[in-house]
Amino acid sequence: MSFEAITAINEAEEKARQMKADALAGAKAAEAAAAEEGKAAMDAARQKAAAEVRELRAKSDEKAKQDAIELASDTENRKAAMRARADARMEKAAALIVERVVNG
């Protein structure tokens, strides 16, 4: 084999080694970039989920307050109706007691 052929082969082998090293470095860089991008996406998703939870919690608290107000109003209405019936019955009961006491 001639010296030039040996030199050409050595140069080709060196070029192949360099290409392989460059490809490996590029792959590692791409992997690191993808990992960083994935981490950023996870952080963004985590923040979005936390914001949604806060929003849902605020809505549920407001709904609970509204339900409590409605229930209190309902209870007051029922209490007033029961009091009115009790007052009406008390008058009848008092009249009955008076009648029994008087008539003996």
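Aspartate 43 and arginine 46 sit three residues apart in helix α1 (residues 3-103), about one turn of the helix. Helices here are DSSP runs of H or I with at least four residues, strands are runs of E with at least two, and both are numbered from the N terminus. The model is a predicted one, so to speak of local features takes a pLDDT of at least 70 and side-chain atom pairs count only at pLDDT 80 or more, while totals for chains, interfaces and linings use all residues. Residues are numbered from 1 along each chain as its sequence is written, and side-chain values use heavy atoms, with hydrogens and water left out.

The side chains of aspartate 43 and arginine 46 join in a salt bridge, at 2.9 Å from N to O. The term covers a side-chain nitrogen of Lys or Arg within 4 Å of a carboxyl oxygen of Asp or Glu. Aspartate 43 is partly exposed, at 31% relative accessible area; on this scale buried is under 20%, exposed is over 50%, and partly exposed falls in between (1.4 Å probe, protein chains only).

Searching the whole structure turns up five salt bridges. Among them is the one between lysine 59 and glutamate 55, with 3.3 Å between the closest N and O atoms. Lysine 59 and glutamate 55 are four residues apart in helix α1, again about one turn, and glutamate 55 is partly exposed at 44% relative accessibility. Another links aspartate 67 to lysine 63, whose closest N and O atoms are 2.9 Å apart. Aspartate 67 and lysine 63 are separated by about one helical turn because they lie four residues apart in helix α1. Aspartate 67, too, is partly exposed, at 36%.

As for the chain overall, its secondary structure amounts to one helix and zero strands. The C-alpha trace spans about 145 × 20 × 10 Å along its principal axes. The radius of gyration is 44 Å, whereas a compact globule of 104 residues would come in near 13 Å (taken over C-alpha atoms, with the globule rule being 2.2 Å times the number of residues to the power 0.38). Buried residues make up 0% of the chain's 104 residues.
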